[in-house]
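Please look over the sequence and the model shown here before reading on. The report that follows starts with charged side chains and then moves on to other features.

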Amino acid sequence: MARIESPDRSYTGPGPAGTHFENGVAETDDPAVISYCQGAGYTINGQTYTDTPPAARTVDVPDPRFVQAVADPAPLRDAAVDPRPGDVPPSNAGLANPHGPLVVAPGIGAPPVVEDPEGEGLVPASEVRQEPPAKSASKATWVDYAVSQGTPREDAEAATRDELAERYSRKENG
């Protein structure tokens, strides 16, 4: 159990991560609280650290949600927040810190992916049938084709069959 002394020796009340200070003193076993307190100028077990311990050192990293432009003038877009057809989902998304080293997005140059019409998840767009169906094909057929071309399923289903046929027939004809 580590004894933590607050810089304000008369403080009584809540401290970091729910620790309770009584007359400027608290105790905890939590290594994260101990590390935080070392870096914030608290006295730990009678020792005040003048250098921030490695576990508490931080580097200011810009939050990508608020960066508007990078080295080139193209606007920056977070594919996890604003996904678009063809975005390749990052690995470990939802399982790790989205801005940490364990979540990797393939980035520019990765082949566009689309929903597999057979329901097998995401596949490279180049592996899915590229010819449009006949203009008289069912709406479901046109929806599947639009999805194979990178249109989100909900957008394709919101369009009429004729709208999809017009959009993709023009695309195919130039």
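## Salt bridges

The protein in this predicted model has a count of 5 salt bridges, where a salt bridge is a side-chain nitrogen of Lys or Arg within 4 Å of a carboxyl oxygen of Asp or Glu. The model is predicted, and local features need pLDDT of at least 70, while side-chain atom pairs count only at pLDDT 80 or more and totals for chains, interfaces and linings use all residues. Residues are numbered from 1 along each chain as its sequence is written, and side-chain values use heavy atoms, with hydrogens and water left out.

One of these salt bridges joins the side chains of Arg 153 and Asp 144, with 3.3 Å from N to O. Salt bridges with shared partners also link Arg 3, Glu 5 and Arg 9 into one network.

## Burial of the charged residues

Arg 9 has 45% relative accessibility, so Arg 9 counts as partly exposed.

In the other pair, Arg 153 is partly exposed because its relative accessibility is 22%, and Asp 144 is partly exposed at 32%.

Thr 43 lies in strand β5; strands (E, at least two residues) and helices (H or I, at least four) are DSSP runs, numbered from the N terminus. With 7% relative accessibility, Thr 43 counts as buried. Leaving aside residues up to four places away in sequence, Thr 43 touches Arg 3, Ile 4, Glu 5, Arg 9 and Thr 48, where contact means heavy atoms within 4.5 Å.

The side chains of Thr 43 and Thr 48 also make a polar contact at 2.7 Å. A polar contact is a pair of N or O atoms within 3.5 Å; within protein, one must be able to donate a hydrogen and the other to accept it, and residues adjacent in sequence count only if both atoms are side-chain atoms.

## Helix α1

Helix α1 covers residues 31-39, and its buried residues are Val 33, Ile 34, Ser 35, Cys 37 and Gln 38. Which strands do the buried residues of α1 pack against? They pack against β1 (2-5), β4 (25-28) and β5 (43-44).

At the start of α1, a side-chain oxygen of Asp 30 comes to within 2.9 Å of the backbone nitrogen of Ala 32. After the helix comes Gly 41, which has a positive phi, near 90°.

## The protein overall

The protein has 4 helices and 8 strands, and along the sequence they follow the pattern β-β-β-β-α-β-β-β-β-α-α-α. Of the 174 residues in the protein, 26% are buried. Among contacts between residues at least 6 apart in sequence, 29% join residues at least 24 apart.

Technical notes: Buried < 20%, exposed > 50% of the residue type's maximum accessible area, 1.4 Å probe, protein only.
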